[in-house]
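Morning, everyone. Have a look at the next slide, and I'll walk you through it.

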Amino acid sequence: MTRRTTAAFEASLDGLDVGRTRTTPGGFEAVLREVVRQPAVGVPLPDEGLSLPASVTTDATPAELADAATGVTAAALGIADYGSVVLPSTATGAEQVSLFPPLHVAVLRESDVVAGMPEAIERLAPLLRDDRGSAVVATGPSATADMGDLVRGAHGPEEVHVVIVEDDEGTRNGTVDSAGDETSDAGEGGTTGSVDAGPAGDGDE
């Protein structure tokens, strides 16, 4: 991961009309309270350094999921070329939480942003072979023009916001390359699941 890669990812998000916020681990909960609309549901985050505020309901009932304005999940990877996020399915219902509410907030570590699909597959390949789970590659809000005019939210969230959490100073393994970019080998691995095609046809989430 380089600063250039993260900048490319953020530019791709801008092109998809996806909101984004960069924060530190210490500022994460305050940012989440700012971007989340209530009522909100979520699934516990796998990152031990990050947790959801009490205002986000975990282990939601079907009724709470149906009424939620926001769903909060972790993203295993960000793909800079496309502005995509890789969303692993979990036993706690991450896929449903990412799809049903009109606003999906995806939480992503900066070290988990990769340049393109080849790098993403390289990171996911061991788990594709060893784990029979699944994940969705989601690119922007749900949108379809099947019936004429562009409609958002037909098959997933109308809006997406990505919270990019900078790596802890203590875990950053950065060096500076010849282009002046800081590089890091922190965060190798850490993704779960395999890749499905995701919602087909519309390029949506």
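Let me begin with a question. Does Glu159 count as buried, exposed or partly exposed? Glu159 counts as partly exposed, because its relative accessibility is 34%, which falls between the 20% and 50% cut-offs. Keep in mind that this is a predicted model.

Now, the partner of Glu159. Arg37 forms a salt bridge with Glu159, and the closest N and O atoms are 2.9 Å apart. Arg37 sits in the loop between helix 2 (28-35) and strand 2 (40-42), while Glu159 is in strand 12, so the pair ties together parts that are 122 residues apart in sequence. Arg37 also counts as partly exposed, because its relative accessibility is 40%.

Stay with strand 12. Strand 12 spans residues 159-165. Six of its seven residues are buried. So what does strand 12 sit between? Look at the sheet.

Six strands form an open sheet, in the order 1-12-7-4-2-3. The pairing is parallel. Strand 1 and strand 3 (56-58) are the edge strands, and each of them pairs on one side only. From one strand to the next, the twist averages 25°.

Here are the pairings. Strand 1 (residues 19-23) runs parallel to strand 12, joined by five bridges. Thr21 has Val163 of strand 12 as its bridge partner. On the other pairing, strand 7 (residues 103-109) and strand 12 are joined by seven bridges, again parallel. There, Val105 has His161 of strand 12 as its bridge partner. Further along, strand 2 and strand 4 pair in the parallel sense over three bridges. Val41 stands opposite Gly71 in strand 4.

Next, the helices. Helix 1 packs on the sheet and touches strand 1, strand 7 and strand 12. The direction of helix 1 makes about 150° with that of strand 1. Helix 2 lies across strand 1, strand 4, strand 7 and strand 12. Relative to strand 12, helix 2 runs at about 170°.

On to the nonpolar cores. Nonpolar side chains in soluble globular proteins tend to be buried together. Here, the largest nonpolar core has 16 residues. Which of them touch the most other members? They are Phe28, Leu32, Val72, Val105 and Val163. Helix 2, strand 7 and strand 12 are the elements that give two or more residues to this core. Helix 2 gives the most, with four residues.

Take Phe28. Leaving aside neighbours within four places in sequence, Phe28 is in contact with residues including Leu45, Leu50, Val107, Val163 and Val165. There is also a second, separate core of 15 residues. Leu13, Val85, Ala106 and Val113 are among its members.

Thr73 is in strand 4 (residues 70-74). Thr73 counts as buried because its relative accessibility is 1%, and the cut-off is under 20%. What does the side chain of Thr73 meet in a polar contact? The side chain of His104, at 2.9 Å. Beyond the neighbours within four places in sequence, Thr73 is in contact with Val43, Leu45, Leu87 and Ala94, among others. That list also includes His104, Val105, Ala106 and Val107.

Back to charges. Side chains of opposite charge can pair when their charged atoms come close. How many salt bridges does the count come to? Nine.

One of them joins the side chains of Arg20 and Glu10, at 3.8 Å from N to O. Arg20 lies in strand 1 and Glu10 in helix 1 (residues 3-15), so this pair ties together parts that are 10 residues apart in sequence. Arg20 counts as partly exposed, because its relative accessibility is 34%. Glu10 is buried, with a relative accessible area of 12%.

Another salt bridge joins Asp112 and Arg123, with the closest N and O atoms 2.7 Å apart. Asp112 is in the loop between strand 7 and strand 8 (113-114), and Arg123 is in helix 5 (residues 117-130). That puts the two 11 residues apart. Are they buried or exposed? Both Asp112 and Arg123 are buried.

Finally, the network. Salt bridges that share partners join Glu10, Asp14, Arg20, Arg22, Glu110 and Glu166 into one network.

Methods: Residues are numbered from 1 along each chain as its sequence is written. This is a predicted model: local features need pLDDT of at least 70, side-chain atom pairs count only at pLDDT 80 or more; totals for chains, interfaces and linings use all residues. Side-chain values use heavy atoms; hydrogens and water are left out. Buried means under 20% relative accessible area, exposed over 50%, partly exposed in between (1.4 Å probe, protein chains only). Two strands pair if DSSP finds at least two bridges between them. A polar contact is a pair of N or O atoms within 3.5 Å; within protein, one must be able to donate a hydrogen and the other to accept it, and residues adjacent in sequence count only if both atoms are side-chain atoms. Contact means heavy atoms within 4.5 Å. A salt bridge is a side-chain nitrogen of Lys or Arg within 4 Å of a carboxyl oxygen of Asp or Glu. Axes are lines fitted to C-alpha atoms, for helices over the stretch in contact, and angles run from 0 to 180 degrees between N-to-C directions. A nonpolar core is a set of buried Ala, Val, Leu, Ile, Met, Phe, Trp, Tyr and Cys residues joined through side-chain atoms within 4.5 Å.
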